[in-house]
Amino acid sequence: MSNELFERLTRAILDGKYQDAVSLCREAVAKGLTARSVLENGLMPGIRKVGELFSVGEYYLPELLISGKAMQAAVAELEPLLNAGGGKFHAGKYLIGTVKGDIHDIGKNIVSMMLKGNGWEVTDLGVDVPPEKICTAIAEGDYDIFGMSALLTVTMPEADEAVKAIRDAGLRDKIKIMVGGAPVTQEFADKIGADGYAKDAFEAVNIAISLKGRTRQQEEIA
Amino acid sequence: MIIIGENINSSRRQIAEAIASGNREYIQNEAKAQSDAGADYIDVNAAAFMEKEAECLKWIIEAVQEVTDLPLCIDSPDPKVIGKVITLVKKPPMINSITLEPSRLNSILPLVIDYGATVIGLCQTRNEMGRTAAEKVEIAGRLVEKVTSAGIGIESLYIDPLVFPVGADSNSACATLDAIEEIMKQFQGVHTVCGLTNVSHGLPNRKLVNRTFLAEAIARGLDAAILDPADKQLLGALRAALMLMGKDEYCMGYIKAFRKGLLA
């Protein structure tokens with residue numbers, strides 16, 4: 001029985017039916033399934049599949065967005081139970097913003113939404129964020145990753161400036177840095193000394209997970 | 001309808017390669033093809049070359065002017081670059097672009113006056129882009145005010161209400177269309193101009209979306225567009241839309257473009 005319910009939940013996420021996703025979560029919990037099991041067996045396979053379909057060009061941007069919304073709604077439904085059970089659905093803390101001089105925020109907002117759907121706690125610094133503001137946020141918070149986007153060739157150098165500022169403020173070891181945006185490449189990310197580059201929102205989630213994993217490993221070694 | 005040919009843009013890989021390798025012929029062929037397809041201005045952009053931008057743009061401008069008499073649309077994020085290259089143009093150019101950002105305005109408006117240029121004004125302040133129709137119209141009003149109070153005629157201003165991906169927000173294209181209509185109504189004599197490709201970001205069959213958007217925008221009063229004039233389906237939609245809006249007397253623009261084989 002529970003398998004069928006999980007499949008329906010996965011389908012609801014794939015189809016971006018957020019009302020179905022929420023009511024199926026309720027149904028599953030009422031039947032005695034744990035919130036964690038609903039999340040891991042019903043919801044996560046759905047959002048992962050959405051990401052895969054998007055990355056191979058079978059799913060289009062609006063489908064990514066609506067599935068992300070369904071995921072967020074379902075997770076919000078389960079969250080009190082997840083927290084009560086002690087096993088918080090928390091992938092990590094992510095700080096995000098667009099670089100100084102760049103006010104294009106559509107891509108950043110999509111990445112932000114996909115991260116939230118995958119259990120990240122996201123703090124959004126907004127657009128046109130100067131390096132000082134980034135450094136203050138990193139210094140005062142306990143974020144795992146800072147992700148920034150630059151949509152224009154002319155604002156790309158600001159990503160470099162941001163990394164330099166983080167380094168100069170002695171904060172580089174405190175955080176992993178990701179960079180993205182239409183003109184940005186892996187080569188550019190390497191050149192400015194970022195830890196990761198993602199070409200789209202789906203990849204951003206995967207890179208975030210792998211960077212966070214590395215953070216943990218390093219902590220264990222230390 | 002003013003058609004600004006968008007193809008000579010350094011964000012396109014082939015163009016960037018042609019610039020980097022000094023392939024003058026490639027750039028000139030692009031200019032000729034756009035001119036033959038009915039462009040009114042040839043946009044020239046070398047922004048991807050960053051610190052070498054002015055140098056590259058000069059090279060492009062010289063190459064393009066050897067093969068066409070069309071005026072240029074000087075496209076640069078850097079007002080200093082525009083100031084450096086504008087001395088080379090043979091005809092009054094269009095400048096792409098200003099926003100409400102004061103430093104940009106203050107350095108570009110004098111160039112508009114000195115060179116008898118026209119100018120594209122984005123519905124954008126220093127730190128915000130107009131998203132709703134109301135925001136776009138409000139910013140457009142302030143652009144009109146800045147330009148005309150500098151002593152430039154309103155007919156020299158092309159307002160770009162900004163186009164966002166409809167795939168990220170279902171109401172965004174509608175906001176742009178509403179803004180076009182309102183701007184053309186409120187500010188008599190001003191022009192409106194759009195780029196088209198952003199509207200279809202993240203969607204399948206993008207060109208269909210682009211040309212349908214263009215037709216709808218023309219129906220709302222759009223009178224200039226930045227596009228690929230060699231795209232015959234796009235030009236077909238443009239000529240047909242103008243004709244249907246009563247902006248093509250005796251349908252001769254449409255018929256002539258058809259006879260030249262420019263429509264599909």
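This is a predicted model: local features need pLDDT of at least 70, side-chain atom pairs count only at pLDDT 80 or more; totals for chains, interfaces and linings use all residues.
**View 1. The three domains of chain B.** Chain B splits into domain 1 (1-78), domain 2 (92-230) and domain 3 (237-264), with bounds taken from an automatic or database domain assignment. Residues are numbered from 1 along each chain as its sequence is written, while chains are lettered from A and ligands numbered from 1 in the order in which they are written.

**View 2. Helix H9 of chain B.** Helices (H or I, at least four residues) and strands (E, at least two) are DSSP runs, numbered from the N terminus. Just after H9(B) comes B:Gly246, with a positive phi of about 75 degrees.

**View 3. The buried side of H9(B).** Which residues of H9(B) are buried? They are B:Leu234, B:Leu235, B:Ala237, B:Leu238, B:Arg239, B:Ala241 and B:Leu242 (buried: 20 or more other C-beta atoms, placed from the backbone, within 10 Å of a residue's own). Their cover includes helix H8 (206-219), strand E8 (224-227) and helix H10 (252-259) of chain B.

**View 4. Where chain A meets chain B.** Here 11 residues of chain A are in contact with 16 residues of chain B (contact: C-beta atoms, placed from the backbone, within 7 Å). On the chain A side, H4 (61-84) and H5 (106-117) each supply at least two residues, and H4(A) gives the largest share, 3 residues.

Technical notes:
A residue is buried if 20 or more other C-beta atoms lie within 10 Å of its own, exposed if 12 or fewer, and partly exposed in between; C-beta atoms are placed from the backbone. Two residues are in contact if their C-beta atoms, placed from the backbone, lie within 7 Å.
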